[in-house]
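Here are some notes for reading the model below. They are meant to be followed with the structure open.

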Amino acid sequence: MRVLGVESSCDETAFAVVDDARTVVSSAVASQHDLHAEFGGVVPEIASRAHVERLIPTLRSALAQAGCGLSEIDAIAVGHTPGLIGALLVGVSAAKALSWSLGVPLVGVDHVKAHLYAGLLETDLDETACFPALGFVGSGGHTALYRMASPTQVERLGGTIDDAIGEAYDKVGAMLGLGHPGGPVVDRLAQTGNERAHDFPVSTLGKESLDFSFSGLKTSVLYAVRGHPAKGPNNKPVFPREASDLDESAVADVCASFQRAAVRAVVKKLGRAIGAHPDARTLFVGGGVSANSALRAALQQWGDERDVRVALPAMHFCVDNGAMIAGLGTRMLEAGTRDDLSLCAIPSGAS
Ligand code: KG4
Ligand code: ZN
């Protein structure tokens with residue numbers, strides 16, 4: 001089955017053509033990072049408008065790369081939850097129009113579950129032998145652990161109670177004046193820093209909790225960068241120094257120490273999750289932060305030590321893309337799931 005995947009939940013407009021759920025024939029991603037950089041984060045209205053402008057060119061590019069026309073598409077899969085409502089609506093409306101005009105089935109896909117599926121794309125993993133599995137999604141909007149009976153049967157075990165891990169990376173990047181999104185830059189600078197320079201906290205929450213918290217870590221990084229604040233007029237904090245007072249090696253040390261704490265938090269919770277679910281054969285990992293070099297190395301080591309296969313997506317399938325939507329959408333279609341033109345964009349997902 002040849003499925004067209006449509007993704008527009010945040011700041012990437014993406015289409016992909018995927019055969020039989022696993023073979024990525026083409027994947028076109030138009031990123032909006034340049035548009036949001038000056039604001040230090042994604043501006044929803046700008047994102048929605050940019051999706052409208054980039055939709056048709058990105059669709060054309062995915063079809064051209066695949067060397068196929070719309071008449072060769074068997075079904076449309078679209079990420080319809082969770083995400084920014086205006087952004088989601090653009091992709092969902094386009095997917096409905098394509099499905100209706102081509103007379104092919106439509107399926108709405110959960111973006112977060114699709115991130116977990118990304119580890120199966122373009123691999124020769126025996127899909128049936130992978131389950132039961134654990135899943136970890138770390139992105140700019142989500143950080144959660146899952147138990148997976150199959151790609152489509154996914155149960156949430158726990159998640160962040162405050163910031164997402166990618167958001168923490170981006171806020172640390174912003175504190176250090178590294179631009180947006182800060183995650184990839186923090187990752188790069190951390191490689192030259194001393195990860196023991198600062199002893200940042202790793203939040204464990206309750207004894208058995210599978211939830212995450214990154215806000216305390218973020219505050220500790222802020223104090224390390226700008227010093228402890230005094231109370232100024234109207235109780236506004238006044239910091240003794242600016243991030244620009246730090247030299248290159250001090251910035252790298254903050255990045256490395258932050259990254260060590262963030263990665264340790266994930267590994268800690270995974271240890272608890274496997275303790276509760278020792279039958280897990282595979283760890284699926286997804287979301288933009290799964291591109292992080294330290295996290296990838298730590299998770300691979302974690303899996304090797306426990307004889308758990310770690311399904312890390314290829315780098316280009318870590319960030320938002322249409323191929324993961326088409327892949328999981330195909331599995332849903334095979335299981336008989338169909339949506340019609342009443343399909344809604346739902347900003348806050350069940351996952
Ligand atoms: O999955 P994604 O493209 O969009 C969301 O669904 O949020 O993830 C984007 C997030 C951003 O927070 C970005 O900084 C982070 O993934 N990210 C990274 C790296 N590459 C992307 N974080 C840490 N290290 C990286 N190498
Ligand atoms: Zn995402």
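Predicted model: local features only at pLDDT ≥ 70, side-chain atom pairs only at ≥ 80, totals over all residues.

1. Domain 1 is made of residues 2–117 together with 317–334, and domain 2 covers 130–313. Their centres, taken over C-alpha atoms, are 27 Å apart. Domain 1 brings 17 residues to the contact and domain 2 brings 20.

2. How much area is buried between domain 1 and domain 2? The value is about 1500 Å², and carbon and sulfur atoms give 77% of it. The side of domain 1 that touches domain 2 draws at least two residues from each of α4 (111–117) and α10 (322–334). Helix α4 supplies the largest share of that side, five residues. Sorted by class, that side of domain 1 holds eleven nonpolar, four polar and two charged residues.

3. Which residues are the protein donors of the zinc ion (ligand 2)? They are His111 (NE2), His115 (NE2) and Asp320 (OD), at 2.1 to 2.2 Å from the ion. The spacing of these donor residues in sequence is H-x3-H-x204-D. Histidine 111 is in helix α4, while aspartate 320 is in the loop between β12 (309–311) and α10; the two are 209 residues apart, and the pair links distant parts of the chain.

4. One of the salt bridges joins the side chains of aspartate 279 and arginine 147, at 3.1 Å from N to O. Aspartate 279 sits in the loop between α8 (248–276) and β11 (282–286), and arginine 147 in strand β7 (residues 143–148).

5. Some backbone details deserve a check by eye. Threonine 81 and proline 82 are joined by a cis peptide bond with omega of about -20°. Proline 82 is in the loop between β4 (75–81) and α3 (85–102). The bond from histidine 180 to proline 181 is also cis, with omega near -5°, and proline 181 falls in the loop between α5 (165–175) and α6 (183–190).

6. Is phi of aspartate 20 positive or negative? Phi is positive, near 50°, in a residue other than glycine. Aspartate 20 belongs to the loop between β2 (12–19) and β3 (23–31).

How values were computed. Residues numbered from 1 in each chain as written. Chains lettered and ligands numbered in written order. Heavy atoms only, no water. Domains from an automatic or database assignment. Contact = heavy atoms within 4.5 Å. Buried area = accessible area lost by both parts, 1.4 Å probe. Helix = DSSP H or I, 4+ residues; strand = E, 2+ residues; numbered from the N terminus. Nonpolar A, V, L, I, M, F, W, Y, C, P; charged D, E, K, R; others polar. Donors = N, O, S within 2.8 Å, 3.2 Å for Na, K, Ca; no water. Salt bridge = Lys/Arg side-chain N within 4 Å of Asp/Glu carboxyl O.
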